[in-house]
Amino acid sequence: EQIEKGGYEHFMLKEIYEQPSAIQDTFRGRLLANEAIIKMAGIEDNMKKFLNADRIIVVACGTSWHAGLVSEYIFEDLARIPVEVEYASEFRYRNPIITEKDIVIAISQSGETADTLAAIKLAKSKGAFVFGVCNVVGSSIARESDAGAYTHAGPEIGVASTKAFTTQITVLTLMALRLARAKGTISSSDFRHHLIELELIPEKVKKALESDAYVKTIAEIYKDAKNCLYLGRGFNFPVALEGALKLKEISYIHAEGYPAAEMKHGPIALIDEQMPVIVIATKKGHYEKVVSNIQEIKSRKGKIIGIVTEGDESVKGLADHVIEVPESSEFLTPLLTTIPLQLLSYHIAVKLGKNVDQPRNLAKSVTVE
Ligand code: AGP
């Protein structure tokens, strides 16, 4: 096991650090930025279906559901296809409306999650086309899907999903860009620009990982918190949900993720000097609005940890701590902002002496309903 951990203390940390190369592996053979081409067999072979689809329905659970939520923002923004993101466990039991013009994207690291598998069987029985985004090759969901794309993240051992999440977002982003180009919803120069930006992501993730030592010092300060709030807007709202889930599952600290603007509709009542609030406040993503959310937290004496774009000054002036990530196109920021949140939950859990790789009550793949 020590050998498999490759010198890291835990599988989770190893997998966090593998993300630059895992994303590179997801690109391999698909992203040809210099030639301005995205090649994805599962899309090319079924292009007509994708172009004629009325909508995409994403079904998934847990972290994979969060990746689906990020993809909703990306598909709608770039490819202008309506997207609905469903918890597989809700979708399958509520007699959903599914037609032959729907494309169901099932996202699953393990490819064995019982509810997701059942949801795609239901969708297929109603005539929908099912596209699987899985990590485990030959898994049940991969086999049951009509077509698909593997994430190629490599084995993920830590129960808390990390590299599976970022590689899922990477596959879904490639899909959205390919479809946007085919539909003509983005110009060829924008397409070219996006591919170049995408190709830079592994290097930027590497840069984001450099915050590790600083994040560890923040973990020391907040490890005894009883509650934490995570806020983000737009593309980064699902990252807030994912950050909260990571903290809950490995440190057993209660955490909630919220769209930042929803704070004033309830959660703001929780804020006092005991409450750490992690706010994703990267430039471009409704930045000014997030800054005003931060002011609201500050005036209620909440402790603010800002995830900001390199060189940011405004949030620095307000927050108790800021963690910088490299600048990038807005739709790609979730691949960067998620890194310090993974590290924060990891270090808090380690400091609390928790079993990081195998948290209590959790299984790596949930094969029961
Ligand atoms: C993530 O950290 C969780 N352990 C969990 O939410 C997981 O993402 C979920 O069970 C879905 O698993 P899957 O991707 O293998 O389908």
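## Ligand shell, sheet and helices

Helix H5 (residues 62–79) contributes three residues to the shell around the ligand, the most of any element; helices (H or I, at least four residues) and strands (E, at least two) are DSSP runs, numbered from the N terminus. This is a predicted model, in which local features need pLDDT of at least 70, side-chain atom pairs count only at pLDDT 80 or more, and totals for chains, interfaces and linings use all residues. Residues are numbered from 1 along each chain as its sequence is written. The chain averages a pLDDT of 96, where pLDDT is the predictor's confidence in each residue, from 0 to 100.

Of the 16 residues around the ligand, those that come nearest are Gly62, Thr63, Ser108, Ser110 and Thr113, a residue being near if its C-beta atom, placed from the backbone, lies within 6 Å of the molecule.

Five strands form an open sheet with parallel pairing, in the order S4-S3-S5-S6-S7, and two strands pair if DSSP finds at least two bridges between them. Strand S4 (83–87) and strand S7 (147–150) stand at the edges, each with a single partner strand, so one side of each has no neighbour in the sheet.

The table gives helix directions, as angles from 0 to 180 degrees between N-to-C directions, with axes fitted to C-alpha atoms, for helices over the stretch in contact.

| Helix | Partner | Angle |
|---|---|---|
| H5 | S4 | about 170° |
| H9 | H15 | roughly 175° |

Conventions:
Contact = placed C-beta atoms within 7 Å.
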